[in-house]
Amino acid sequence: GNDLATFLEAADRLPQPWAVDIAIQVLNALKAVHAKGVIHRDLKPANIFLVSRPDGHMMVKLLDFGISRLKHEKKQIRDLTRTGAVLGTPHYMPPEQARGARDIDHRADLYSAGVILYRLLTGSFPFDAEDYNNLIIDITTGEPVQTGWHSRRT
């Protein structure tokens, strides 16, 4: 198999049925991970591995739990992953994580999954900027980029 980022290098977006199937599998995997009290905190296409099953369908596997944390872990363990520091991949990072919030929960992973689906369907990001600092500002205070298939809130 290959990671989802490799597929996105070849095509800016994926066909809707494929994108939705991947998103559903990612959400099911997150449901299982979250049920165990684990928060991934760095969900992105490079951490989603697609494996071809014998029947020809793709199976999703979540990888790289390097900056994940347990929902109810002890303070000493949290300090090892530097909770409060900005960790993660900026384009897929939820606003609270971009601000360095200490109380990030499973909803951060759901936000990242939403950005991934947005990227798969549109070929773009809901927030984009030329540099890291402006991207963080846009994520925390801006409005999503208009793609032409939806309109901004007024």
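Analyst: The side chains of R107 and D105 form a salt bridge, with 2.7 Å from N to O. The term means a side-chain nitrogen of Lys or Arg within 4 Å of a carboxyl oxygen of Asp or Glu. R107 has 53% relative accessibility, so R107 counts as exposed. D105 has a relative accessible area of 18% and is therefore buried. Here buried means under 20% relative accessible area, exposed means over 50%, and partly exposed lies in between (1.4 Å probe, protein chains only).

This is a predicted model: local features need pLDDT of at least 70, side-chain atom pairs count only at pLDDT 80 or more, and totals for chains, interfaces and linings use all residues. Residues are numbered from 1 along each chain as its sequence is written, and side-chain values use heavy atoms, without hydrogens and water.

The count by this rule is two salt bridges. K44 and D42 also meet through their side chains, at 3.6 Å from N to O. Both K44 and D42 are buried.

Now the helices, which are DSSP runs of H or I with at least four residues, numbered from the N terminus. Residues in the contact (heavy atoms within 4.5 Å) include I22 and L30 of α2 and L110 and L117 of α5.

Notes. Helices (H or I, at least four residues) and strands (E, at least two) are DSSP runs, numbered from the N terminus.
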